[in-house]
Amino acid sequence: MATPTFRFDPVEMPPEAREIRKEVRAFIKEHEHLMGFSRGEFNRDFSRAMGKKGWIGMTWPKQYGGHERTSFERYVVIEEMLVAGAPLSAHYTGDRQSGPNMLRFGTEEQKNYFLPRIAAGELAFCIGMSEPNSGSDLAGTRTRAVKVDGGYKINGTKLWTSNAHRADYAILFCKMSGDGKEEPDRHAGATQFLLDLKTPGLDIRPVINLLGEHHFNEIFLTDVFVPDNRLLGKEGNGWNQVTSELSFERSAPDRFLVLFQMLREMLRMAGPTPDKATAAALGKLISQLATLRSMSISIAGMLQEGLNPNNEAAVVKDLGTRYEQDIPVVARQLFPTEPELEAIDLYTSMIARSTMNAPRFSIQGGTREILRGIIARGLGLR
Amino acid sequence: MAIRDETRMLLESMNRLFEDHCTKQVADAAETGVFARTLWDAVAETGVPLAALPESAGGADAEWSDLYAALRVAARFSAPIPLAETMLAGWAAAACGLETSDGPMTVGPVRMADTLTLARDGNGWRLSGAATRLPYASFATRVVLIADGPDGEMVVGLNGTGGGDLAAGKNIANEARDTLSFNHVRLSSDQAAPVKGGVSRGALYRRGALARATMMSGALEKAMDLAVTYAQERQQFGRPISKFQAVQQNLAVLAGQTAAAVAAANLGIEALSEADPDREEFLIAVAKTRVGEAATLACEIAHQVHGAIGFTKEYALQLSTRRLWSWREEFGGDPEWAAKVGAYACRRGADALWPLLTDG
């Protein structure tokens with residue numbers, strides 16, 4: 001056939017993945033009091049404990065504090081943690097994308113300094129991409145860096161920066177200050193920096209989300225100095241780097257597992273002998289989930305082979321967010337309740353939380369429209 | 001990575017065979033009620049229809065996963081032949097020590113509501129009941145049926161329709177779906193045998209459902225290929241319609257659903273090697289459910305992208321979509337299988353759901 005098809009070869013998990021699953025489940029049991037539902041909790045103690053187990057930076061080289069485990073073992077750790085609702089926020093960004101990005105583009109000194117600290121659960125990263133006027137259109141970034149003696153001076157504003165108020169570093173995406181004229185190449189001058197969030201000149205202000213919670217921030221950068229040794233990769237290579245970083249972000253299984261507990265509660269509500277319509281509605285969701293999981297494991301297989309499953313990751317994220325957004329929709333049809341966030345009844349609080357969280361699933365990490373654009377490009381249409 | 005060289009070679013040769021022998025003219029002609037004999041003979045020549053059988057029974061001990069993959073290729077070409085049915089008929093007959101045939105065979109019952117009963121008659125049998133919507137029964141050289149005998153399920157092998165009354169029918173892709181009725185039809189003792197080797201009505205129904213799910217994933221690949229190609233060729237407003245974002249977004253959804261269908265069918269195929277029959281049923285149910293959902297969404301988009309031309313008999317899209325709409329309901333539609341998935345998961349309990357998904 002003429003049309004390129006996306007590759008999701010069936011993959012069998014190696015035996016060591018089964019072993020580690022047992023270990024992870026035991027660890028989760030030990031830390032049961034820290035598990036939650038779709039909260040994105042930031043807990044440095046938990047991250048350090050995971051670091052001690054060797055479950056951060058699992059696939060990285062040992063010389064940088066990694067553990068040289070397979071992508072499958074990493075996959076198992078992450079999926080078990082996500083399903084349990086473990087508080088991953090203090091290390092997850094570093095593990096998923098900042099670390100791999102540095103591994104690919106960083107200097108020896110950066111890799112030696114940052115990677116072991118991320119892998120130990122000591123150093124928390126956040127993502128400095130979006131801006132007030134640059135969301136999906138990342139190339140429209142207005143934050144500007146100017147070369148000065150010994151480093152760079154940076155001015156601009158970042159927005160929607162999750163955990164900036166708690167993290168240690170951001171990978172900042174910006175552009176080198178040109179001569180003021182419009183560049184014909186919109187990706188020209190793009191550059192990434194490793195930004196210490198304690199640097200003078202940073203003003204980090206909360207943006208409260210619609211659940212009333214503080215995850216987002218707006219970061220104002222006024223003449224912020226970043227030393228030469230904290231340039232990531234090359235000046236002007238930022239577009240290439242940020243694209244790679246986004247593909248790390250999108251290939252993770254967190255795009256369809258954060259509401260798993262809600263599905264589980266729906267089964268509990270249905271009881272052991274549901275009527276046929278209820279069984280069919282739940283069966284449809286379970287079938288979607290089982291399929292997504294097999295596609296996602298197939299992506300882990302491609303990562304293990306050193307491939308770049310960019311298009312496949314976009315497909316899984318697009319299907320995964322649709323599935324997750326359907327969960328509260330199906331729930332309210334099967335088991336109606338008036339949602340209340342602090343309800344004592346677990347299901348009622350879950351439907352409140354998942355209904356309010358649902359819109360962000362198809363926005364964060366690339367909107368549905370952007371992902372479908374990537375898929376269309378993969379089909380050769382753009 | 002997981003694809004073996006033998007599999008790749010088999011699929012490439014099947015692909016070439018169908019390219020040569022399964023043109024749109026062949027598929028069109030088969031809809032007039034004439035069996036696609038030349039195509040069948042070419043496929044039979046490869047040995048694929050009976051390849052799952054042990055070498056002692058004239059087969060090649062082939063992997064079912066390879067044979068299902070071959071079904072996917074056949075379905076991409078809308079091959080109007082009972083390939084899946086012959087594979088399954090050969091499996092059921094050979095496992096129970098009954099004769100098979102090089103010719104097209106069919107197998108049933110394909111609907112759970114049908115009943116066939118065998119009663120003893122001297123040293124032979126009498127067969128009663130009806131098998132409805134039996135694929136290609138009018139063209140089958142042998143019909144293999146599972147009936148209820150006095151001591152449990154038995155497999156029956158008939159030459160042709162074997163004295164049954166045939167009422168011709170068809171699905172909306174004009175594939176023969178015939179009803180075969182038996183009113184105390186006399187069978188000799190060697191025409192029936194107790195089920196063995198994992199053969200049962202339930203197992204046949206599962207494997208049939210998985211065959212349809214796999215074939216649907218192939219038909220979806222074809223529909224997607226047609227839609228993507230057409231969008232790049234068709235010009236409106238001075239440019240190919242593939243340049244419009246609205247069309248691109250639809251095609252991206254189509255591609256996602258197609259990829260999900262292939263992945264879901266593969267989940268079911270892998271389950272065939274599971275030791276636990278409940279788990280096999282669960283994963284096949286997942287496959288038929290997810291593929292059925294994909295077919296519904298994808299047919300709609302494939303037609304939308306094509307506009308009016310896709311609604312014509314002249315253009316090939318309908319060969320795929322009419323099959324998808326037919327196969328979606330055969331061996332149980334996705335609502336039926338979804339209810340099985342849900343019932344099974346609920347019976348095991350909420351806290352067993354995650355282990356169910358991961359402990360395979």
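Predicted model: local features only at pLDDT ≥ 70, side-chain atom pairs only at ≥ 80, totals over all residues.
Visitor: What radius of gyration does chain B have?
Guide: The C-alpha atoms of chain B fill a box of roughly 80 × 55 × 40 Å along the principal axes, and the secondary structure of the chain comes to 11 helices and 10 strands. Because a compact globule with 360 residues would have a radius of gyration near 21 Å, the value for chain B agrees with that expectation, at 21 Å.

Visitor: What percentage of the residues in chain B is buried?
Guide: A residue counts as buried if 20 or more other C-beta atoms lie within 10 Å of its own. Among the contacts in chain B with a separation of 6 or more, 70% are accounted for by residues 24 or more positions apart. Of the 360 residues in chain B, the buried share is 54%.

Visitor: Which element gives the largest share of the side of chain B that touches chain A?
Guide: The contact between the chains takes 48 residues from chain A and 46 residues from chain B. On the side of chain B, the elements giving two or more residues are α6 (201-233), α7 (245-271), α8 (277-306), α10 (334-348) and α11 (353-358). The largest share of that side, 15 residues, comes from α7(B).

Visitor: How many residues on the side of chain B that touches chain A are nonpolar?
Guide: This side of chain B divides by class, with seven charged residues and 11 polar ones. The remaining class is the nonpolar one, and its count is 28.

Visitor: Which element gives the largest share of the largest nonpolar core?
Guide: The largest nonpolar core has 237 residues, and those touching the most other members include A:Ala170, B:Ala227 and B:Leu251. Leaving aside neighbours within four places in sequence, B:Leu251 is in contact with residues of both chains, among them A:Leu379, A:Leu381, B:Ala227 and B:Val305. The largest share of this core, 18 residues, comes from α6(B).

Visitor: Which element gives the largest share of the side of domain 1 of chain B that touches domain 3 of chain B?
Guide: The domain assignment of chain B gives domain 1 (1-81), domain 2 (104-197) and domain 3 (201-358), and the C-alpha centres of domain 1 and domain 3 lie 20 Å apart. Their contact takes 11 residues from domain 1 of chain B and 15 residues from domain 3 of chain B. On the side of domain 1, α2 (24-30) and α4 (64-76) each give two or more residues, and the largest share, eight residues, comes from α4(B).

Visitor: Which residue in the hairpin of β6(A) and β7(A) takes a positive phi?
Guide: Strand β6 (residues 202-208) of chain A pairs with β7(A) in the antiparallel sense over seven bridges, and A:Ile204 has A:Ile219 as its bridge partner in β7(A). The hairpin has five residues between the strands, and the residue with a positive phi, near 85°, is A:Gly212.

Visitor: Is B:Ser189 buried or exposed?
Guide: B:Ser189 lies in the loop between β7 (177-187) and β8 (192-194) of chain B. Leaving aside neighbours within four places in sequence, B:Ser189 is in contact with B:Asn123 and B:Gly124. A residue counts as exposed if 12 or fewer other C-beta atoms lie within 10 Å of its own; because B:Ser189 has 12 such atoms, B:Ser189 is exposed.

Terms used
Residues numbered from 1 in each chain as written. Chains lettered and ligands numbered in written order. Contact = placed C-beta atoms within 7 Å. Helix = DSSP H or I, 4+ residues; strand = E, 2+ residues; numbered from the N terminus. Nonpolar A, V, L, I, M, F, W, Y, C, P; charged D, E, K, R; others polar. Core = buried A, V, L, I, M, F, W, Y, C linked by C-beta atoms within 7 Å. Domains from an automatic or database assignment. Pairing = 2+ DSSP bridges. Rg over C-alpha atoms; globule rule 2.2 N^0.38 Å.
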